[in-house]
Amino acid sequence: MAHGHNHEHGHHHGTSNKKALLFSFLLITFFMIVEAVGGFLTNSLALLSDAGHMLSDAAALGLSLLAFKIGERQATASKTYGYRRFEIIAAFINGVTLIVISLYIFYEAFQRFMEPPNVSASMMIIAIIGLIVNIIAAWVLMRGDSQDNLNIRSALLHVFGDLLGSIGAIIAGILILLFDWNIADPIASVIVAFLIILSGIRITKDSIHILMEGKPANINVEEVKQKLMDLKGVHNVHDLHVWSITSEFPALSCHLVVDDTVDRDTLLTQANQQLKRNFSISHCTLQIEGKNAEIQEDCEDCSF
């Protein structure tokens with residue numbers, strides 16, 4: 001029996017992501033204070049709800065920044081994979097926060113549908129500034145790993161939610177200014193809340209998938225198995241597991257049943273190269289067994 005363990009995963013989301021998060025955190029926090037004061041002065045739910053969302057954004061960005069910092073800590077005897085999965089926990093918290101904020105905005109908007117308040121159209125000025133602030137923050141975050149890193153993506157979605165809130169407040173302000181239509185304020189809030197809750201559900205679902213050891217979305221397990229089966233001397237592949245430790249860190253383990261005459265060291269090298277080249281999986285634990293080995297198929301919980 002032979003074992004192969006290969007892991008060359010890089011810790012490459014360091015300074016650029018942290019700098020982007022820090023800059024966005026400071027920017028959002030400052031304008032959140034300005035928007036909250038403006039919302040109270042103009043009696044605008046659109047501004048107040050957006051300020052509340054900005055407060056959660058500041059917390060979300062701070063949490064994401066903390067997650068990167070904690071994730072840099074080295075593996076220990078008790079945390080053998082290190083602390084990088086804290087990034088996914090942060091993303092989960094951010095996703096749930098988006099959902100909770102949306103539900104609160106729905107509730108407040110319902111109250112205002114019943115009794116539409118007088119809203120000052122001057123809220124547009126603050127909303128326009130907020131739009132600019134959110135565009136800058138979103139642009140900074142999008143320069144990071146927003147596509148591949150769930151932690152950055154959850155923070156970015158918070159900012160996008162704010163951006164939409166600013167747009168909604170601007171539209172509502174125009175309608176109030178031109179037609180004295182105060183109900184536009186809660187309508188804009190409901191539309192924004194609906195878009196925010198969709199993002200929150202998506203982030204929460206993705207983070208739960210990783211925490212439940214689900215396979216990465218870009219990897220086809222059947223294709224992985226076939227690529228390993230295609231290696232010379234391999235008769236069977238079983239106990240195959242593919243999961244993510246965190247974003248951009250896929251891992252794999254499996255048993256390879258081989259001919260007794262095969263060069264196992266060479267096969268391990270070929271298998272690792274195949275997995276890295278075709279699936280970008282560098283963290284692999286492979287166990288090689290002879291065709292008559294008793295250890296084959298002895299795991300009832302390993303269904304694949």
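A: What follows is a close look at helix 8, and then at some other helices.

The model is predicted. Helix 8 covers residues 264-279. That is 16 residues. From first C-alpha to last, helix 8 reaches 22 Å. The expected span at 1.5 Å a residue is also 22 Å, and the two values are close.

Now burial. The buried residues of helix 8 are R264, L267, L268, A271, N272, Q274, L275 and F279. Seen down the axis, these buried residues fall within an arc of 160 degrees, so they line one face of helix 8. The other side of helix 8 carries D265 and R277, both exposed.

Next, the packing partner. Helix 7 spans residues 221-229. The axes of helix 7 and helix 8 come within 10 Å. They cross at roughly 145 degrees. The crossing is right-handed. On the helix 7 side, the contact residues are E223, V224, K227 and L228. On the helix 8 side, they are A271, Q274, L275, N278 and F279. By type, the residues of this contact divide into five nonpolar, two polar and two charged. The contact and the buried face share residues. A271, Q274, L275 and F279 meet helix 7, and these four residues are also buried.

Helix 3 runs over residues 86-114. Its 29 residues should span 42 Å at 1.5 Å a residue, and its end C-alpha atoms are 43 Å apart, which agrees. Buried residues of helix 3 include E87, N94, S102 and R112. Also on that list are I88, L98, I101 and I105, among others.

Two single residues complete the picture. N134 sits in helix 4, residues 123-142. Its relative accessibility is 0%, so N134 counts as buried. Not counting residues up to four places away in sequence, N134 touches I28, M54, V159, D162, L163 and S166.

K18 lies in helix 1, residues 15-42. Leaving aside neighbours within four places in sequence, K18 is in contact with L65, F68 and E72. I152 is 134 residues away from K18 along the chain. Even so, the C-alpha atoms of K18 and I152 are separated by 9.6 Å.

Back to helix 8. Helix 7 crosses helix 8 in a right-handed sense.

Note on methods: Residues are numbered from 1 along each chain as its sequence is written. This is a predicted model: local features need pLDDT of at least 70, side-chain atom pairs count only at pLDDT 80 or more; totals for chains, interfaces and linings use all residues. Side-chain values use heavy atoms; hydrogens and water are left out. Axes are lines fitted to C-alpha atoms, for helices over the stretch in contact, and angles run from 0 to 180 degrees between N-to-C directions. Helices (H or I, at least four residues) and strands (E, at least two) are DSSP runs, numbered from the N terminus. A crossing is left-handed if the near helix is turned anticlockwise from the far one by less than a right angle, and right-handed if clockwise. Contact means heavy atoms within 4.5 Å. Ala, Val, Leu, Ile, Met, Phe, Trp, Tyr, Cys and Pro count as nonpolar, Asp, Glu, Lys and Arg as charged, and the others, Gly among them, as polar. The expected span of a helix is 1.5 Å times one less than its number of residues. Buried means under 20% relative accessible area, exposed over 50%, partly exposed in between (1.4 Å probe, protein chains only). The arc is that of the directions from the helix axis to the C-beta atoms.
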